[in-house]
Structures are given as structure tokens and as C-alpha cells.
Amino acid sequence: MTISKTDGPRQLAWLTRLKRSVLLSSFGASPAAMLSAALITLFLLNAIFAPFLVPQDPSDLRSLNLTDSLKPPAWMADGVWGYPLGTDGQGRDILSAVMYGARTSLGFGLAALALASLLGIPIGLIAGYTGGFLDSVLMRVADTQLTFPPILIALLLDGIGRAVLSRSMQQSLQPLWVVLAIGVSLWPQFARLVRASTLVERGKDYILAARLVGVSRSRILALHILPNIGSPILVFAAINLSFAIVAEATLSFLGVGLPPTEPSLGTLIMTGNDFLLSGEWWMSLFPGLALMSLVMAINCLADSFQDRLHISPG
Amino acid sequence: MSCWSDMPREHHQHEAAQAQASGSSPASTRLEQAVPCVLELRHVTHYYAVRKSGLWHFSSGRRARKLRAVDHVSFTLQSGTTLSVVGESGCGKSTLARLAAGLLSPSEGVIRTGGRRLSSVRAGEINMVFQNPYAALDPRWRVRRSVSEALRPGGFLKSRRAVHDRTGECLSRVGLSPADGEKYPHQLSGGQRQRVCIARALASSPRLLICDEPTTALDVSVQAQILNLLRDLQRALGLSYLFISHDLPVVRYMSDDLAVMYLGRIVEMGPAESIFSAPRHPYTRLLLESVPDFTAMTHRRIRLAGDPPSPLDPPPGCPFHPRCPIATARCRVAKPAYTQHEDVLVACHAVEEGRGGIG
Ligand SMILES: Nc1ncnc2c1ncn2[C@@H]1O[C@H](COP(=O)(O)OP(=O)(O)O)[C@@H](O)[C@H]1O
Ligand code: SF4
Ligand SMILES: [Mg+2]
């Protein structure tokens with residue numbers, strides 16, 4: 001270890017740290033990672049600016065023109081450039097629907113992920129740091145849940161929602177319930193990863209040094225351990241974001257996810273599916289392609305981060 | 001060296017009387033009744049629970065085995081002095097350090113400081129300097145923040161200004177500039193990092209500093225600087241050190257008293273100069289002979305061969321007997337008790353029987 005020459009102002013140290021950070025250094029790694037990063041940027045921009053970019057507001061029924069229904073993509077014989085990717089049975093522009101749908105999918109994926117982290121990270125931190133009985137109990141619960149496929153948990157929770165809540169309430173709560181179902185189905189993975197990282201970190205000497213001078217447990221967890229296990233958690237979150245998106249799409253495809261009034265890519269694929277056999281393939285193909293590229297881009301980028309960090313998925 | 005393990009009361013009083021009569025060693029002249037010692041361990045034992053692992057660990061029900069890392073250790077550390085603990089890697093030195101720091105609680109025995117239980121000690125009153133200064137600093141914190149960490153939770157410095165000043169004072173005490181405080185650990189050299197760790201340890205105004213191999217991870221050229229810094233600080237601040245090392249020349253430079261540890265047990269203890277000039281326990285002798293600087297004193301060189309046995313399966317009798325050149329049948333069955341030889345305590349049958357020479 002040599003003494004750095006950049007003793008200078010704070011900004012410099014900050015910049016060197018940023019340069020060293022995993023996230024930036026993995027760019028420029030592989031072309032696939034670059035492409036993925038570009039795609040994800042595109043999806044993010046779309047998520048923010050879709051309302052200003054779409055050719056047609058798919059939720060505005062007045063803008064729909066029934067005479068334009070079931071138009072194929074523009075390059076086909078019957079296609080028109082006004083509807084580049086064609087229209088659905090009500091004359092809804094598929095491109096606009098896909099743009100809105102991608103936004104919805106990403107949003108719900110992120111929300112579910114946030115819930116899973118909100119549950120899993122504190123539980124993992126406490127279990128890993130405290131150890132003992134509490135750790136055993138929390139991890140047994142997590143392990144038990146892990147023996148069920150997450151999608152089954154989500155379906156189960158959805159079923160409970162339908163059974164417990166009145167129909168109108170259930171319908172208005174459905175978007176929230178989707179987030180809850182996916183979020184809950186994912187927390188054990190987070191808890192396990194965070195616990196494993198915490199176990200490694202808590203034995204390090206700088207934690208002992210903090211304990212010696214009476215720093216409280218919560219401060220140690222929040223100020224020392226969490227920041228130092230942040231990178232693997234971020235990567236893991238990215239991997240699980242794609243899972244959350246797919247889970248939402250699956251639920252929607254099965255008809256227990258987001259309602260057609262708030263279509264995600266999964267909902268679009270489901271509604272388009274009915275037309276697939278009658279030859280109107282574009283209605284489900286394009287949402288499907290969008291979903292696929294989003295998920296693959298996230299996975300690919302997460303993989304390249306993971307390679308840098310040498311962590312194994314929980 | 002007033003409190004001691006496995007020793008009957010008579011021995012204890014005998015030692016005290018002897019010490020008063022001779023009045024020589026700084027360690028034995030101050031008695032526990034007169035001045036409460038900075039650190040007092042009585043029959044301290046620590047077990048680690050070790051999970052059985054392997055192919056059949058499901059069938060064996062994951063029964064935990066007990067690893068005795070520290071075995072009935074007793075000593076006292078007098079205010080303003082340095083007690084060193086030496087021994088090979090794995091003999092339990094770090095465990096002992098953590099017990100003394102209150103980071104682990106002993107499975108058996110009592111640890112007191114200034115006459116009080118360790119648990120009632122103000123946070124930071126006992127502080128520690130670790131072996132690897134890189135692992136001992138949060139990589140994401142500026143080192144100034146690490147140094148000042150002790151100053152906030154205790155709350156004895158209220159204003160930000162006071163904390164800032166005190167942090168700067170601690171940094172300059174260890175020879176670092178305020179600008180160094182703005183750096184991250186990876187921007188400092190090993191020696192500078194260890195200085196930061198010492199500054200952090202000083203910030204809480206400790207009475208006792210536990211140094212667990214503080215120079216082992218450093219370049220030889222830097223080691224002497226850190227040792228001198230520690231000695232200067234001791235003189236200036238009246239600190240007491242529990243100094244842990246496996247490096248005998250370092251220990252000789254630092255210590256007032258010395259405890260030689262083998263497989264969790266202290267095998268020889270007394271004033272450092274007494275032990276260095278006339279080592280009695282075969283293990284101590286072999287340790288000293290393995291250091292070229294000290295070989296001249298004993299003329300012969302017998303290598304300390306092999307590794308110590310696993311503390312999971314300690315040998316019966318004297319734990320040193322598998323490697324001891326003068327082991328007898330008695331050594332293989334009976335654990336040697338401590339006996340007093342001048343101001344030094346030794347746990348060895350041969351020394352007790354008066355046939356101390358090796359070979
Ligand atoms: N956390 C732990 N769990 C189980 N065994 C341990 C643990 N820490 C240390 N040990 C074992 O205890 C013994 C003493 O270790 P340690 O105190 O680190 O020795 P030293 O510092 O002298 O090298 C070693 O055999 C080591 O393997
Ligand atoms: S008791 Fe026996 S085996 Fe142990 S050190 Fe003394 S002579 Fe060697
Ligand atoms: Mg050690």
C-alpha cells in the first residue's frame with residue numbers, strides 16, 4: 001500500500017473513490033454489459049418520460065378509434081405508420097401500450113423489490129449481528145418460506161386477498177396487493193444474503209473497536225455494517241429486480257396481477273394471447289420482446305457486477 | 001504478580017513476603033491490597049463452541065465441541081506497567097486480549113479492573129490496538145471520523161468544537177497531521193494506519209491499552225517507530241499495557257512483566273528481565289533459542305520442532321510434553337502445578353524436580 005499523492009481537497013478523494021467503485025469500473029467491461037446498460041437507461045428514460053413521448057394515450061378511451069382496430073405493424077401490407085407496432089382490438093396503439101406497460105412493470109418491480117429489501121435487510125442485519133436464538137428463529141422462518149417457490153407464495157397471498165377482502169376493496173387494492181405478494185415472496189433471499197455478509201463483517205476489528213467505546217448496536221449496524229455490505233446487496237437487488245418483474249408479469253398473465261385498466265407488460269401479453277391464434281401476433285409479441293429485453297438487460301448487468309464482486313447468489 | 005492461579009494461599013503469601021523482603025521487581029512490590037491493579041484475571045477460562053463439520057454432521061446432530069482457547073489464566077497488571085504475553089500463533093493470545101477487553105465473557109473465572117467487574121467499566125476505559133490496522137479501520141470512513149467515534153457516544157465531550165479539537169490532539173499525539181485525518185485508510189501507509197488506530201484508542205482516555213500484536217503486520221522499518229510511540233505514550237499518559245506478541249525481541253523491549261503462554265495456559269511468568277536472563281520452562285528456553293539474538297546466551301541451539309497440538313485435543317498431562325526434550329513419564333499423565341523460583345512462576349515437573357537443563 002503506498003501513500004496516495006492526492007492529499008488535496010475533499011472532492012479529489014471523493015472522485016478517486018467514485019472511480020474505484022464497482023459500479024463504474026464494470027462499465028467498459030464487456031460489450032454485452034454496455035448494451036445492457038444502454039437498454040436499461042432507455043427503459044428508465046421511458047419510465048420517466050413516457051407520458052410525453054407516446055403517440056397515443058392508451059388509457060384515454062376518446063383517443064381510440066375503432067376503425068383502426070387490429071392494424072398490423074406498419075411494415076406489413078395493411079399497416080400504417082401512425083401505429084408503428086399495430087393496434088389491438090379497440091384500436092389502441094401497441095407501441096404506446098408497450099411504453100406504458102414497461103413503465104408499469106418497472107415501477108411495480110421496483111416497488112416489490114423495495115418492500116422485499118425493507119423486510120429482508122433489517123431482518124438479515126439483526127439476525128446476523130445478534131446471532132443466537134433470535135437468529136435461529138428468523139432464519140428458520142426464512143428457510144421455511146424458501147422451500148416454496150416465490151411465485152407460489154405470491155399466488156397464495158393473492159388468494160388470501162381475494163378470500164378476505166370484499167370484491168370492490170380487493171379490486172381497488174389489487175395493485176398494492178401485487179407489490180405485497182411479490183415483496184413478501186422475496187424477503188428471505190435478502191435476509192439470507194444480508195445475514196451472511198453481516199456475519200463476516202461483524203467479526204472485523206473495526207466493529208470490535210466501535211463496540212469497545214460503547215457505540216450502540218443500531219449505530220454499528222447502520223453506520224458501519226450496512227454501508228460496508230452495500231455492494232453485494234445492490235447486485236443482489238438487481239438480480240431480484242428482474243425476478244420481481246417476471247413475477248408480476250406472471251401474475252398478470254395468470255389474471256391475478258394488475259387489472260387491464262393498469263396494464264403491465266404481463267397484462268398486455270395476456271390480452272394479446274387471446275388473439276395469437278387468430279393471427280394478430282403483434283399484440284403479445286411486442287410486449288413480450290420488451291419484457292424479455294428488460295429482464296435480460298438487468299440480468300446481464302447484474303451478472304457483470306457480480307463477477308466483479310465474486311459473490312454467489314443466496 | 002501478586003495473584004496467581006493454581007497456587008495455594010501459602011504460596012501466595014510466601015510470594016508477597018518474598019517480594020517485600022527483596023523489594024526489587026516493580027511488579028511484585030505493589031500488592032493487590034494496596035493499589036487495585038489495572039487488570040486482574042483469576043482462573044479465566046474460555047471455551048469456543050466448535051461445530052462438527054463433515055460428511056456425517058447431520059447424523060451426529062451437529063453437536064458442538066468445546067475448544068479451550070484460554071485455560072485457567074490468572075495474572076495482575078499493575079498501573080503504569082506493561083505485561084506481555086508471548087506464545088506461538090493459536091495459543092490463545094487474541095482470545096485472552098478480547099477477554100481482557102470485555103469483548104468476550106470468560107466461560108469461567110473472573111476479570112476485574114481497578115477492583116470492579118469488567119462489565120461495570122465505562123466504555124472506552126479499556127481500549128485496544130489491533131494486529132491488522134487495515135481491518136481495524138472502517139474502509140468507508142475518513143480516519144478522523146474513526147478517531148472521533150469514541151468521543152460521541154460516551155458524550156463526555158458535548159460540543160462539535162471540543163470533539164474536533166480532541167481528535168486533532170489525538171492525531172498529533174501519534175505524529176499525524178490534521179490533513180492525514182481527512183484521508184481514507186487506503187490512502188495511508190501501514191504505519192500511519194496503526195498510528196490512527198493508536199490515536200483512536202487514546203481518544204477514549206483509556207487507563208489500559210491492550211495491544212494485540214500491534215507491529216506484526218508492519219514493515220520491520222516501521223515497527224520500531226510504533227513501539228517507541230507506544231513507550232512514549234505510556235510514559236506521558238501513565239498508561240498500562242497488556243502487550244501481546246510472538247516476537248521476543250519486541251517483547252523484551254516493551255515489557256516489565258512477561259507471561260509465556262502455551263496451548264491456552266501460562267507456563268512461565270515473572271519480571272521480563274528475570275525470564276530473559278534465566279528462562280526456566282523448557283518451552284521458554286526453546287522459544288528464546290529460536291531467536292538468533294538470544295542464542296548467544298544459552299550457547300546451544302535446539303530447534304523447537306513441529307506445531308503445537310490442536311487445542312481441540314489437548315494432550316494429557318503437561319500440554320507441552322509431545323514437544324518437550326526432557327519429558328518424563330510423569331509429564332504424560334500429570335499436569336504440572338505452578339512453583340515459585342525467585343520471582344518467577346513456572347509450571348513444569350522438571351523445573352520443580354530441579355532438573356531444569358535441556359538435553
Ligand atoms: N471464534 C472462534 N471460534 C472457534 N475457535 C476459535 C475462535 N477464535 C479462535 N479460535 C481458536 O482458539 C485458539 C486460540 O486462538 P487465538 O486466541 O486467536 O490465538 P492467537 O492469537 O494466539 O493466535 C485457536 O486454536 C483458534 O483456532
Ligand atoms: S512438565 Fe515435563 S513435559 Fe512439561 S515442560 Fe516440564 S519437563 Fe517438559
Ligand atoms: Mg492473535
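Predicted model: local features only at pLDDT ≥ 70, side-chain atom pairs only at ≥ 80, totals over all residues.

Analyst: Residues are numbered from 1 along each chain as its sequence is written, chains are lettered from A and ligands numbered from 1 in the order in which they are written, and side-chain values use heavy atoms, with hydrogens and water left out.

User: What makes the contact of B:Arg98 and A:Asp205 a salt bridge?

Analyst: A salt bridge requires a side-chain nitrogen of Lys or Arg within 4 Å of a carboxyl oxygen of Asp or Glu. The N to O distance between B:Arg98 and A:Asp205 is 3.4 Å, so the pair qualifies. The pair crosses between chains, from helix α3 (residues 93-101) of chain B, which holds B:Arg98, to helix α8 (residues 205-212) of chain A, which holds A:Asp205. Helices here are DSSP runs of H or I with at least four residues, strands are runs of E with at least two, and both are numbered from the N terminus. Over all chains, the structure holds 26 salt bridges.

User: Why is A:Asp205 called buried, and why is B:Arg98 called partly exposed?

Analyst: Buried means under 20% relative accessible area, exposed means over 50%, and partly exposed lies in between (1.4 Å probe, protein chains only). A:Asp205 has 12% and is therefore buried. B:Arg98 has 26%, so B:Arg98 is partly exposed.

User: How do you know that B:Arg235 and B:Asp232 are separated by about one helical turn?

Analyst: They are 3 residues apart in helix α8 (residues 220-237) of chain B, which means a separation of about one helical turn. B:Arg235 is exposed because its relative accessibility is 61%, while B:Asp232, at 43%, is partly exposed.

User: What makes B:Arg280 and B:Glu342 a link between distant parts of the chain?

Analyst: B:Arg280 and B:Glu342 are 62 residues apart. B:Arg280 is in the loop between α10 (272-277) and α11 (282-289) of chain B, and B:Glu342 is in the loop between β11 (338-341) and β12 (344-347) of chain B. Their side chains meet in a salt bridge at 3.6 Å, N to O. B:Arg280 counts as buried because its value is 17%, whereas B:Glu342 counts as exposed because its value is 57%.

User: Why can A:Phe52 belong to a nonpolar surface patch?

Analyst: Patches are made of residues with over 30% relative accessible area and no salt bridge; like charges are joined within 9 Å, and nonpolar side chains (Val, Leu, Ile, Met, Phe, Trp, Tyr) within 5 Å. A:Phe52 has 67% relative accessibility, so the area condition is met. A:Phe52 is found in helix α3 (residues 31-53) of chain A. A:Leu45, A:Ile48, A:Phe49, A:Phe52 and A:Leu53 together make up the patch, with about 550 Å² of accessible area.

User: Which strands are the edges of the open sheet in chain B?

Analyst: The edge strands are β2 (64-77) and β5 (116-117), as each pairs on one side only. The sheet has 4 strands in the order β2-β1-β4-β5, with antiparallel pairing. Two strands pair if DSSP finds at least two bridges between them. In chain B, strand β1 (residues 39-51) and strand β4 (residues 108-113) are joined by 4 bridges, so they count as paired.

Note on methods:
Areas by Shrake-Rupley, 256 points an atom, 1.4 Å probe, with all protein chains shown as cover.
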